[in-house]
Amino acid sequence: MGRKIPFGPLHSRKSLPGENPAQGLTTEGNLPPLFPVFNQNKIFQKEKALISRYVPNRKTCPNMMHIISLIQSGVMEVVKELYGVSLAPDDLTISPTRKEFTGDYTLVVFPFTRFVKKKPEDIGNELGNALLGKVAYLHGYNVIKGFLNLELSDQFWKDFLGDIYAKENFGFLPKNGHKVLVESCSPNTNKPLHLGHIRNILLGWSMYKILEAAGYDVVRVQIINDRGIAVCKSMLAWQKFGRGATPASEGLKGDHFVGDFYVRFDKAFKEEYSQWQGTSEAEQVFESGKQNGQSREEFFKAYKDIYFNEHSALGREARDMLLRWEAGDPETVALWEQMNSWVYQGFEVTYKALGVAFDKFYFESDTYLLGKDTVEKGLQSGIFYRLDDGSVWIDLEDAKLDKKLVLRKDGTSVYITQDIGTAQLRYRDFGVEKMVYVVADEQNYHFQVLFEIMKRLGEPYAEGLFHLSYGMVELPTGRMKSREGTVVDADDLLAEVVREARENTLERENIAGLPEAEQEEVIRKIALAALKFFLIKVHPKKRMIFDPKESVDLQGQTGPYVQNAYVRVQSVLRKIESEDLSAASAHEPLNADERDLIGQVYQFPGIIQEAVREYDPSAIANYCFNLAKAYHRFYHEHSILRAENEAARAFRLQLSMAVAHVLRNGMDLLGIDMPERM
RNA sequence: GGUCCCGUAGCUCAGCUGGAUAGAGCAACUGACUUCUAAUCAGUAGGUCACAGGUUCGAAUCCUGUCGGGAUCACCA
C-alpha cells in the first residue's frame with residue numbers, strides 16, 4: 001500500500017491552463033554489509049579483485065600501483081627497519097596534502113611517538129629520508145610539526161594522466177557478476193508526483209547509476225499503490241461529477257486529471273460533513289463525545305475519520321466501491337483500470353521529463369496478498385506466534401525492536417506482510433543478492449523490522465537488504481500539507497526550472513547560432529542540472545530546505561556551474577585538430593593548479609567506491625563541484641592553446657580531456673547530462 | 001515517555017576510518033572580459049562547530065549527559 005512519500009513543502013500547485021509542462025521536453029533516455037568492497041567478506045573476493053584490477057595498481061600499470069598503497073608499504077618497511085616495529089596499513093594515516101602546504105600526500109607521524117621516543121619532527125625527517133630511496137616516484141619531502149609531507153615527482157602525475165586521459169570510462173569498474181535491485185518512487189495512483197517523489201526518484205536513479213559504475217547489474221523497480229480507498233474516491237468522484245470526461249477531452253495530464261477528481265471528492269465530502277454538523281444527530285454526537293474543554297471545531301476536526309466511516313453517504317459509497325473492486329465486479333474493475341492507466345500515462349511523461357526509467361513495476365493490487373503463506377510457514381517453525389484472537393505476531397524484542405503484528409485477527413495482511421512477500425517475489429524474479437529501498441526516513445522503523453524478519457526467515461538475500469533513508473523536503477516556510485495546497489507539484493517545478501534556464505540562456509546568446517530544437521535541448525539540460533544537483537548535493541539522510549528560488553540558480557554551487565567547466569573544455573577542443581599529445585610528458589614543472597587538478601582526477605575511482613559503500617550520491621555531487629571549481633581556476637590562470645611551450649599545451653589538453661571525462665561521467669552518475677555549449 | 005536522526009557563517013550546505021589555521025555557495029562589499037565561453041576568476045567581511053563533561057599527543061568528528069528540531073512507537077500505508 002504505497003510508500004507514502006512525504007510532501008516537500010511549497011507553493012501551491014499552480015494549474016496553468018492549457019499548459020503541459022512536460023511538453024517540449026525530450027529526454028534520453030549501520031552501514032549495511034552490502035558492499036564490503038573493501039572488507040573481508042569472502043563472498044565478495046571477486047569484486048575486490050576486480051576493483052584492484054581497475055584502480056591503478058601493480059598489475060595494470062606496473063609503475064602505477066595505487067600510490068597510497070605504495071607509500072603505506074614503504075612506511076611499514078622503513079618503520080620496521082628503523083624502529084623494529086611492525087605496523088598494519090590501518091595504523092597509518094595518509095591523506096592528500098592540504099593545499100596550503102607543499103607535497104602530495106601527508107603521513108601523520110604523531111602516533112609514532114608512542115614507540116619512538118623522539119620529537120615528531122625528528123621522526124618525520126628520519127622517515128622521509130629513509131623513504132626517498134624506497135618509494136617509486138617519491139621525489140622529496142618536508143616536515144611541519146608532526147606532518148610528513150611527501151612530494152611525488154611530476155613524472156608520476158604525467159604517467160597517470162597519459163594513462164587515463166583518453167579513457168572514456170575512467171573510474172568505472174567492469175561487471176562483477178552481482179545483481180542489485182533498487183526500489184524507488186513508489187507513488188499512489190490518486191495524486192500527481194510532487195517534490196518528495198523527485199528527491200526519491202533522483203536518489204534512486206543515482207544509486208542505480210553508481211552501482212552500475214561499480215560493476216553491479218541493477219534492476220530498477222517501483223511498488224505502486226494502485227488500490228484502496230483513496231483510489232476509490234477518485235473513481236467515485238469521476239462517476240458522480242466527471243460526465244465522461246477524459247484527460248484528452250480536458251487537455252490534462254492523466255495523473256493531474258485523476259488527482260483533480262480526488263480533490264473533487266474531498267471537497268464534496270467536506271461540504272457534506274459541514275452540512276451534517278448542523279444536524280441534531282451531529283449535536284448529539286458532539287455532546288456525548290466531547291472531551292473536557294474541547295471546542296466544537298476541535299471536536300469535529302478530530303471526528304472526521306469516524307464520520308467518514310460511520311455516517312457519511314459519500315464514505316459509504318466509496319467503501320462500497322472498494323468492496324465491489326475486491327469482489328472483482330467487472331464494471332468497477334474496468335473503471336479502476338481506466339483511471340489508473342491515465343495516471344500511468346501521466347507519470348510516464350514526468351519520468352521522461354526527468355530522464356529516468358524503470359525496469360519493472362510491482363502493483364499492490366497484485367502483491368497485497370503476498371506474504372501470508374510465508375507467515376503460515378513461519379508459524380509452524382515458531383518464528384511467528386498466534387494470539388487467541390487469531391492475530392499473528394513476531395517478537396523482536398531481543399533485537400531491540402518490539403512485537404509486531406503480521407496478520408490481523410481476520411487473517412488479512414498488513415503493510416509489512418506484503419513487503420515480506422514482495423521481497424521474496426523479487427528474489428524469484430531476478431535472483432538479486434541485494435535490495436535497496438529508497439524510502440523516506442519516516443519508515444526507518446518499518447524497514448528495521450522488515451529486515452529483521454527476513455533474517456529470521458533465513459532468506460538468502462537478507463544480509464543484502466538496505467533502506468536508503470532520506471529526509472523530508474521542506475519549504476522555507478516550513479513543512480507542507482496537501483490539505484493546505486502547499487505541495488510542490490513535480491511538473492510545475494520542472495516547468496519552472498526550464499523557464500528560468502531558458503530566460504538566462506537566451507539572454508547570454510552563447511548558443512543563439514544553434515537550431516531552435518538544439519537550443520531547447522541545451523536549455524533542458526541546464527534546467528535539469530540545476531534542479532537535480534540542488535536536490536542531490538545534500539546528504540540523503542538530512543532533512544533539506546527546498547527554496548524554489550535557489551533551486552533554479554544557475555551560478556555558484558550548482559549543476560550548471562559544473563556543466564560550464566565541461567563546456568569550456570569542449571570549446572577548447574573544438575579549436576584543435578587531432579594532434580599529437582606525446583609532448584605532454586616533457587611538461588615541466590607542473591604548476592600548483594595543474595597538480596591540484598590532476599590529484600583530484602586521481603581520486604575519482606575512490607569517490608565512486610565511497611558513494612557505493614555509503615549509499616551516498618551526494619559524495620559524487622560534491623566531488624564534481626570541487627573538480628569543476630579547480631578547473632575553472634586553472635582555466636582562468638593558465639592558457640591552454642597559447643601555453644608557454646608545446647609540452648605545456650599538450651599536457652593541458654590531456655588534463656582538460658581527463659577532467660571533461662570525469663565530469664561527464666560523474667554527473668552522469670547523478671542523472672545529469674552535459675551540453676556541449678551553453 | 002521509549003527508540004532513532006539532525007544541530008557547523010545571516011541563509012543553504014561540505015568536512016573521508018579523530019590530525020595542520022573548520023571550508024564552499026548564496027546574500028554584502030572591492031576588483032578582473034581588445035586574450036581558449038565572465039553561467040567564470042581573485043579579494044574583503046562573516047564561527048564559542050547547540051551546551052557541558054569525558055577519552056586522546058590531538059575532537060566539528062568518538063563516549064556520556066543537557067537543551068533545541070524532526071521522525072517513529074497503528075489490526076494505516
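Val263 lies in helix α8, which spans residues 254-276. In this predicted model, Val263 counts as exposed because its relative accessibility is 52%, and the cut-off for exposure is over 50%. Along the sequence, Val263 and Ala237 are separated by 26 residues, yet their C-alpha atoms are 8.8 Å apart in space.

With a relative accessible area of 13%, Gln570 is buried, since buried means under 20%. Leaving aside residues up to four places away in sequence, Gln570 touches Ala660 and Glu676.

**Helix packing**

Two packed helices are described by the angle between their axes and the distance between the axes. The table gives these values for two helix pairs.

| Helix pair | Angle between axes | Distance between axes |
|---|---|---|
| α6 (residues 229-241) and α13 (residues 330-354) | about 100° | 10 Å |
| α23 (residues 617-637) and α24 | about 155° | 10 Å |

How are α6 and α13 oriented, parallel or perpendicular to each other? The angle between α6 and α13 is about 100°, and the two helices are therefore roughly perpendicular to each other. On the α6 side, the contact is made by Val231, Ser234, Met235, Trp238 and Gln239. The α13 side contributes Thr332, Leu335, Trp336, Met339, Asn340 and Trp342. Sorted by class, the contact of α6 with α13 has seven nonpolar residues, four polar residues and no charged residues.

The pair α23 and α24 is arranged in another way. At about 155°, α23 and α24 are therefore roughly antiparallel to each other. The crossing in which α23 passes α24 is left-handed. From α23, the residues Ile620, Tyr623, Cys624, Leu627, Ala628, Tyr631 and Phe634 meet α24. Their counterparts in α24 are Arg652, Leu655, Ser656, Val659, Val662, Leu663, Gly666 and Met667. In the contact of α23 with α24, twelve residues are nonpolar, two are polar and one is charged.

Helix α4, residues 154-164, has a set of buried residues: Asp154, Phe156, Trp157, Lys158, Phe160, Leu161 and Ile164. The elements that cover these buried residues of α4 include the helices α2 (67-83), α22 (592-614) and α24 (646-668), together with the strands β2 (105-108) and β4 (147-152).

**The antiparallel sheet**

Strands β2 and β4 also belong to an open sheet of four strands, ordered β1-β2-β4-β3 and paired in antiparallel fashion. The edges are formed by β1 (94-96) and β3 (138-144); each has a single partner strand, so one side of each is left without a neighbour in the sheet. From one strand to the next, the twist averages 25°.

The antiparallel strands β3 and β4 are joined by six bridges. In one of the pairings, Leu138 has Leu152 of β4 as its bridge partner. Helix α3, residues 120-132, lies across β2, β3 and β4, and runs at about 180° to β3.

**The parallel sheet**

A further open sheet contains five strands in the order β7-β6-β5-β11-β12, with parallel pairing. Its edge strands are β7 (360-363) and β12 (465-470), each of which pairs on one side only. Direction ignored, neighbouring strands of this sheet are turned by 25° against each other on average.

Within this sheet, five bridges join β5 (residues 179-183) to β6 (residues 217-224), and the two strands run parallel. Which residues of β6 are the bridge partners of Val180 and Leu181? Val180 is partnered by Val218, and Leu181 by Val219. In a regular strand the side chains alternate between the two faces of the sheet. Strand β6 is mostly covered, as seven of its eight residues are buried.

Note on methods: Residues numbered from 1 in each chain as written. Chains lettered and ligands numbered in written order. Predicted model: local features only at pLDDT ≥ 70, side-chain atom pairs only at ≥ 80, totals over all residues. Heavy atoms only, no water. Axes fitted to C-alpha atoms, helices over the stretch in contact; angles between N-to-C directions. Parallel < 35°, antiparallel > 145°, perpendicular 65-115°, else oblique. Contact = heavy atoms within 4.5 Å. Nonpolar A, V, L, I, M, F, W, Y, C, P; charged D, E, K, R; others polar. Buried < 20%, exposed > 50% of the residue type's maximum accessible area, 1.4 Å probe, protein only. Pairing = 2+ DSSP bridges. Left-handed = near helix turned anticlockwise from the far one by under 90°.
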